[in-house]
Amino acid sequence: RPRLNGHRSSSDTVERTKILLLGLRSTVIPLQIWDCPANTTVESLGVPLSQFSTIIFVIDIRDLYNQPISKLVEFIVASYAENPSIILEVFVHKAEKLQEDDKIENFRQIHERVSDRLLDISPEYEQMQLNFHLTSVYDHSLHEAFSRVLHKLIQSLPFLEELLNVFCPNIQSPKAFLFDTRSRLYVATDASPVDSATHNLCCDYLLMLNSFGPLYNPTPPIHPATNGSATNGSTSSTHSRPAAPSMTSAPPSIHTPQPNPTRHTDFFYPSSSTTLNAPSSPSGASTTLSYHLITKHLALLALLPSTVYEERRGLVEYNVVFFRQGVQEICAEEEFARVGE
Amino acid sequence: MGASGSGKTSMRSLIFSNNPASLTARLGATIDVEQNHVRFLGDLVLNLWDCGGQDSFMDSYLTTQRATIFKQVGVMIYVFDVETREMGKDLEYYRDCLAGLQQYSPDAAIFLLVHKMDLVREPRLTAFQRKKQELQDASGDAVISVLGTSMYDESLYKAWSNIVHTLIPNAAILTKHLQTFAGACNATEVILFERTTFLVIASSSPTPTSLDTSLELEGTTGIPKLDAKRYERTSELIKAFKHSCSRVREEFRSLEMELYDFTAVLDEMTRNTYVMVIIHDPTIEIAAVKLNIRLARRKFEELQSDSLVS
Ligand SMILES: Nc1nc2c(ncn2[C@@H]2O[C@H](COP(=O)(O)OP(=O)(O)OP(=O)(O)O)[C@@H](O)[C@H]2O)c(=O)[nH]1
Ligand SMILES: Nc1nc2c(ncn2[C@@H]2O[C@H](COP(=O)(O)OP(=O)(O)O)[C@@H](O)[C@H]2O)c(=O)[nH]1
Ligand SMILES: [Mg+2]
């Protein structure tokens, strides 16, 4: 059963307010996702395909057979006819269902059969932009594939990449990502190849930090299990801090007697780091994974030698500040361009 | 102890072997008794007996193996599947085990875990209360603790932290020293975790075992009211991240966070413990906290070796 999902391009400002995709609001790119059932056709969509920038087809990795492949090819041909500049992506999904060897083999076969069929129809399809990704919801491969799809829609991508390419060697980082913190999709990365183990680790780190964020707040979220007294307590409390990080006013101090200075959330950027040891390496060299919030929704994650992070912290922070300035300028540009549209 | 399929081996694998919950689907039924020595806090060796729960094994524990099974027990953990369709039989075996325990190890602590709470759809609290009452009625005048657990959330860490707590001789002394340490760091709270399991051993907050009462502490101690589940959530989060690290063949060592609402440092305290320092005062520098941890290491190392020898 080939499936299709349509990505609406963000050409008009009115439509954009509805966009609540994966937490990608007001990041580098505003986008809208259409999630369509299996029986959708180009006609039944009700909107011309010229309005879309990308189509993602989702096909089960076990669907190597004639029928699902034909349906997929049919849709590809129809979409291409209507909008030749549309980006076509195929997610070969539920990959974790198969063993490693079968996985690669099935993936290769699906890829080959679709391409062969298309070329049989017309040699013109050779130039078609058609990309295949192996995905599963049980690991971060879906995040990685989605990130790659996203990259083609980010106009400022080369500038963001350039900033990362400058940042990495300055702090001896072998790999750095700019992530959207809530969706855990990466918006850009430096030129070194993405290794999925590192990518997975970054996703897991973000997941952990997102969960820690509210955990030690003085005003905890009310659990359904706790009784009503929790609500009373928080309103009468003299030392509540803002529950939402977006709060701009300075929160009152938590230690009641002497008023402590508090973080001005306008100028404060959360950061974190975790140190990892490689048990296999005899030198005991350790790696640090650092996290720096760059804008409200974007975070820079970088791997770097722990010695650099510990002994040359000033250098790291300086480069982060420089990087942040660059990204914020790009975002401001984009915002400006969008409003002007 | 507990019926077959109730989740005993799954728990053991989650808490003591750093495995994710998804892997437990592959576990087969345990044959007879699987004995495990788990080193806890370095020198404290827990001798864990995972008793296969099929009827034939249970019958033999209660008859021919009775003395072997029930002698020298420190803690009995009896696991009940919350969704069981054979509660009558479960309770019957449980009563027999209780009798065996009272005969051979009358001082053993008893924990009853109502497990797989994630499967309960109706209000969980009501379902749990009902089970708890049923279990209390079945236990006569034995002193028991009944806890609801699921391997898919932090409740399992809470239950096991309570269990190991009964085995740590100097928990009260540790709490006192952690309070001193918290004062030195200007910390809201300091929590001590066991290194491999990441179970909570002690914390600077007054009653780490009865976390539900933490709401009432507010005002009397000046400690801000924090989420009652924070300890076990922390155990769960760190364990999950440790697992992610191991997948890239790295070993988790430390973590520091400067977030909007608090600053936290998690680092090695002794060879067998990790400490987490939670600070709500934004003027405190992480470097200072790390220095304090370094300075406190020897003291805590001594404390630990003293108490475990005695
Ligand atoms: N939904 C749910 N399933 C669980 C939970 N804990 C364990 N299970 C599942 O229950 C099944 C049986 O778990 P085991 O740990 O092998 O059971 P056991 O008590 O050791 O059984 P015996 O060895 O025969 O006595 C496994 O498929 C687990 O995945 C839980 O908290 N929630
Ligand atoms: N094994 C496996 N199952 C998946 C995966 N992704 C989705 N599913 C399951 O497939 C089923 C259908 O998913 P859904 O997203 O509703 O499909 P849709 O009809 O295309 O929107 C659900 O039961 C999902 O849990 C995957 O990566 N692996
Ligand atoms: Mg078992």
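Trainee: So what's the angle between H1(B) and H6(B), and how far apart are their axes?
Mentor: They pack at an angle of about 80 degrees, with the axes 11 Å apart. Keep in mind that this is a predicted model.

Trainee: Which residues make the contact?
Mentor: From H1(B) you have Met11(B), Leu14(B), Ile15(B) and Phe16(B), and H6(B) brings Leu156(B), Tyr157(B) and Trp160(B). By class that's seven nonpolar residues, with no polar and no charged ones.

Trainee: How many residues of H1(B) are buried overall?
Mentor: Nine of its 10, so H1(B) is mostly covered. Among the buried ones are Lys8(B), Arg12(B) and Ser13(B).

Trainee: What covers them?
Mentor: The cover includes strands S1, S2, S3 and S4 of chain B, along with helices H6 and H9 of chain B.

Trainee: Where is Lys94(A) found, and is it buried or partly exposed?
Mentor: Lys94(A) is in the loop between strand S4 and helix H3 of chain A. Its relative accessibility is 36%, so it counts as partly exposed.

Trainee: Changing topic: which protein atoms are the donors of the magnesium ion, ligand 3?
Mentor: The OG1 atoms of Thr9(B) and Thr30(B), lying 1.9 Å from the ion. Thr9(B) is in helix H1 of chain B and Thr30(B) is in the loop between H1 and strand S1 of chain B, so the pair ties together parts that are 21 residues apart in sequence.

Trainee: Are those two threonines buried or exposed?
Mentor: Thr9(B) is buried, and Thr30(B) is too.

Trainee: Back to helices. How do H4(B) and H5(B) pack?
Mentor: At an angle of about 40 degrees, with axes 10 Å apart. That makes H4(B) oblique to H5(B), and the crossing is right-handed.

Trainee: Who meets whom there?
Mentor: On the H4(B) side it's Met87(B), Leu91(B), Tyr94(B), Arg95(B) and Leu98(B), and they meet Lys131(B), Glu134(B), Leu135(B) and Ala138(B) of H5(B). The class count for this contact is six nonpolar, no polar and three charged residues.

Trainee: Last one, the big picture. How many helices and strands are in chain A and in chain B?
Mentor: Chain A has nine helices and 10 strands, while chain B has 10 helices and 10 strands. As for burial, 51% of the 341 residues of chain A count as buried, and for chain B the figure is 56% of 310 residues.

Key: Residues numbered from 1 in each chain as written. Chains lettered and ligands numbered in written order. Predicted model: local features only at pLDDT ≥ 70, side-chain atom pairs only at ≥ 80, totals over all residues. Heavy atoms only, no water. Donors = N, O, S within 2.8 Å, 3.2 Å for Na, K, Ca; no water. Helix = DSSP H or I, 4+ residues; strand = E, 2+ residues; numbered from the N terminus. Buried < 20%, exposed > 50% of the residue type's maximum accessible area, 1.4 Å probe, protein only. Axes fitted to C-alpha atoms, helices over the stretch in contact; angles between N-to-C directions. Parallel < 35°, antiparallel > 145°, perpendicular 65-115°, else oblique. Left-handed = near helix turned anticlockwise from the far one by under 90°. Contact = heavy atoms within 4.5 Å. Nonpolar A, V, L, I, M, F, W, Y, C, P; charged D, E, K, R; others polar.
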